[in-house]
Amino acid sequence: PMGATNSQLHGSPFEIFASWPEGSCASLVKEYKDNDYDFGIDLPTVEALTGLDTASAEAVVNALTRSTSEPRLVNALSLLAGICLIGERGLLSHTARASLIYDIFDFDSRKDISQDEMTIL
């Protein structure tokens, strides 16, 4: 049911993001944009971007891709948006989460989603 976040995350590789400290999601988005990562990111990039250990990052990659060919790529925008939706549980308002997700897709940081950016959505 709606609002059952705790039970849905239990045992999930994404559970770790719910306990991230305040500011972690905003730092993640900034890191992604500042370093101009590709849309498709591999395991070492997921590790570097999230700070997860190899086993945890591998579990996230496994959950987000069905590909068996190497390198297994994860859609970075989906990963970031998902983390911003569940990250910092109890610390971020819905408005703050929406703003972070908007920033993920506002590639040129003009505070306006262009037609090209909308196409990528």
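Is Ser-12 buried or exposed in this structure? Ser-12 is buried, because its relative accessible area is 19%, and buried here means under 20%, exposed over 50% and partly exposed in between, with a 1.4 Å probe and protein chains only. Ser-12 belongs to the loop between helix 1 (5-9) and helix 2. Its side chain reaches the backbone nitrogen of Phe-14 at 3.0 Å. That pair falls under the term polar contact, a pair of N or O atoms within 3.5 Å; within protein, one must be able to donate a hydrogen and the other to accept it, and residues adjacent in sequence count only if both atoms are side-chain atoms.

Good morning, colleagues. The model is predicted: local features need pLDDT of at least 70, side-chain atom pairs count only at pLDDT 80 or more, and totals for chains, interfaces and linings use all residues. Residues are numbered from 1 along each chain as its sequence is written, and side-chain values use heavy atoms, with hydrogens and water left out.

Let me begin with the overall plan. The protein has eight helices and two strands; helices (H or I, at least four residues) and strands (E, at least two) are DSSP runs, numbered from the N terminus. Along the sequence, the order is α-α-α-β-α-α-β-α-α-α. Of the 121 residues, 37% count as buried. Contact means heavy atoms within 4.5 Å. Among contacts between residues at least 6 apart in sequence, 58% join residues at least 24 apart.

I turn next to the interior. In soluble globular proteins, nonpolar side chains tend to be buried together. A nonpolar core is a set of buried Ala, Val, Leu, Ile, Met, Phe, Trp, Tyr and Cys residues joined through side-chain atoms within 4.5 Å. The largest one in this model has 28 residues, and those touching the most other members are Phe-17, Ile-41, Leu-79, Ile-83, Cys-84, Ile-104 and Phe-105. Helix 3, helix 4, helix 5, helix 6 and helix 7 each give two or more residues to this core. Helix 6 supplies the largest share, eight residues. As for Cys-84, leaving out residues up to four places away in sequence, it touches Cys-25, Val-29, Arg-97, Leu-100, Ile-101 and Ile-104.

Helix 4 (residues 43-50) has Thr-45, Val-46, Glu-47, Leu-49 and Thr-50 as its buried residues. They pack against helix 2 (15-18), helix 3 (24-34), strand 1 (40-41), helix 5 (54-64) and helix 6 (76-86).

The pairing of helix 4 with helix 5 deserves a separate word. Two packed helices are described by the angle between their axes and the distance between the axes. Here the axes come within 9 Å and cross at roughly 115 degrees; axes are lines fitted to C-alpha atoms, for helices over the stretch in contact, and angles run from 0 to 180 degrees between N-to-C directions. From helix 4, Leu-43, Val-46 and Glu-47 make the contact, and from helix 5, Thr-54, Ala-57, Glu-58 and Val-61.

I close with the backbone. Most residues other than glycine have a negative phi, and most peptide bonds are trans. Where does a cis peptide bond occur? The bond from Glu-70 to Pro-71 is cis, with omega near -5 degrees, and Pro-71 sits in the loop between helix 5 and strand 2 (74-75).

Asp-36, in the loop between helix 3 and strand 1, has a positive phi near 50 degrees. Asp-36 counts as exposed because its relative accessible area is 65%. Glu-88, in the loop between helix 6 and helix 7, has a positive phi near 55 degrees. Glu-88 counts as buried because its relative accessibility is 1%.

Finally, Glu-22 lies in the loop between helix 2 and helix 3 and is exposed, with a relative accessible area of 64%. Glu-22 and Glu-88 are 66 residues apart in sequence, and their C-alpha atoms are 6.1 Å apart in space. Beyond its neighbours within four places in sequence, Glu-22 is in contact with Glu-88 and Leu-91.
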